[in-house]
Amino acid sequence: MISIIIVELFLILIVKLWPLQEVKIPIQLYDEKELLVIEEMIITKQANTPAAPPKPQIPIPVPNDEVIEDFIVFPDLEQLISFDSLSLTNTTGQRGDEEIISGNPDKKPLILRIVEPTLSAQAQDSGIKTMIFVNFLVTSQGMVREAYIAEIRLFNNDSDTYEIVFDLGFGILQDVLEAAYKWKFKPAIEGDKKVSAYIQETFLIGF
């Protein structure tokens with residue numbers, strides 16, 4: 001163990017006392033000449049293009065108004081009163097060959113047959129509760145000549161209140177009018193004659 005310690009001390013002394021030599025690194029200085037390269041300039045010339053043509057001028061129209069003398073001939077007032085265009089054409093009511101429509105007959109049309117509308121499955125399942133007023137024009141033969149919707153009342157399901165609407169959907173109005181044309185009436189009476197007359201009836205749906 002003592003020998004190992006002596007050897008280590010000996011090596012330390014050798015390292016400490018060993019002379020150092022200076023190491024010189026040679027420095028090379030380069031003396032290079034700078035080279036300048038000058039390229040020849042290329043001279044370009046721009047070709048002269050002709051100037052753009054001037055914009056075409058819009059011709060200004062020269063007014064050439066001519067005064068046209070025109071006289072409007074107005075017909076006499078008596079001629080206008082005596083002229084009746086309805087007398088020259090086929091008309092309904094009292095002027096034509098069609099029967100007279102009485103506005104206030106002595107006896108109104110009486111219902112002989114009622115046809116209920118056939119509603120679609122969607123209309124039946126919708127739960128709509130409505131009252132539809134239909135105006136009928138009944139001829140002197142008791143047939144329905146015209147039928148149109150006068151008023152539509154849509155009721156709330158949980159109360160007796162209603163609102164006026166213009167359509168119900170589900171084709172209900174079309175079904176009502178198709179059924180209305182199948183109704184039969186006893187014609188209205190005015191004096192001792194059968195006449196055409198209007199009457200209003202009600203269709204109830206969902207009640």
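1. Four helices and eight strands make up the chain, where helices (H or I, at least four residues) and strands (E, at least two) are DSSP runs numbered from the N terminus. In sequence order the pattern reads α-α-β-β-α-β-β-β-α-β-β-β. Bear in mind that this is a predicted model, with pLDDT of at least 70 needed for local features and 80 or more for side-chain atom pairs, while totals for chains, interfaces and linings use all residues. Numbering starts from 1 along each chain as its sequence is written, and side-chain values use heavy atoms, with hydrogens and water left out.

2. Some overall numbers. Of the 207 residues, 22% count as buried; buried means under 20% relative accessible area, exposed means over 50%, and partly exposed is in between (1.4 Å probe, protein chains only). The accessible surface comes to about 18800 Å², and 58% of that belongs to carbon and sulfur atoms. These areas come from the Shrake-Rupley method with a 1.4 Å probe, and for residues only the protein chains shown count as cover. Taking contacts (heavy atoms within 4.5 Å) with a separation of 6 or more, 72% are between residues 24 or more positions apart.

3. Have a look at Thr130, in strand β3 (residues 130-138). Thr130 counts as buried because its relative accessible area is 0%. Setting aside neighbours within four places in sequence, Thr130 is in contact with Ile152, Arg153, Leu154, Phe155, Leu168, Phe203, Leu204, Ile205 and Phe207. Its C-alpha atom is 6.5 Å from that of Gly206, a residue 76 positions away along the chain. A polar atom of the Thr130 side chain also lies 2.9 Å from the backbone oxygen of Arg153.

4. Arg153 turns up again in a salt bridge. What does its side chain meet there? The partner is the side chain of Glu151, at 2.7 Å, N to O. The rule asks for a side-chain nitrogen of Lys or Arg within 4 Å of a carboxyl oxygen of Asp or Glu, and the count comes to one salt bridge. Both ends are partly exposed: Glu151 has a relative accessible area of 28%, and Arg153 is at 22%.

5. On to the aromatics: the whole structure has six aromatic pairs. Phe155 and Tyr162 have ring centres 5.1 Å apart and planes at 50 degrees, so that pair is tilted. Phe155 and Phe207 form an edge-to-face pair, 5.3 Å centre to centre with 80 degrees between the planes. The latter links distant parts of the chain, as Phe155 is in strand β4 (residues 144-155) and Phe207 is in the segment after β8 (193-205), 52 residues apart. For the record, rings of Phe, Tyr and Trp (its six-membered ring) pair if their centres lie within 6.5 Å, with planes under 30 degrees apart counted as stacked, over 60 as edge-to-face and the rest as tilted.

6. Tyr162 is partly exposed at 41%, and Phe207 is exposed at 53%. Elsewhere, Phe136, Trp183, Phe185 and Phe203 form one aromatic cluster.

7. Phe170 deserves a glance in the backbone check. Most residues other than glycine have a negative phi. Phe170 has a positive one, near 60 degrees. This residue lies in the loop between β5 (162-164) and α4 (172-180), and at 41% relative accessibility Phe170 counts as partly exposed.

8. Met1, Ile4, Ile5, Leu9 and Ile12 make a nonpolar surface patch of about 540 Å². Patches take residues with over 30% relative accessible area and no salt bridge, joining like charges within 9 Å and nonpolar side chains (Val, Leu, Ile, Met, Phe, Trp, Tyr) within 5 Å.

Key: Polar contact = N/O pair within 3.5 Å; in protein donor to acceptor, adjacent residues only side chain to side chain.
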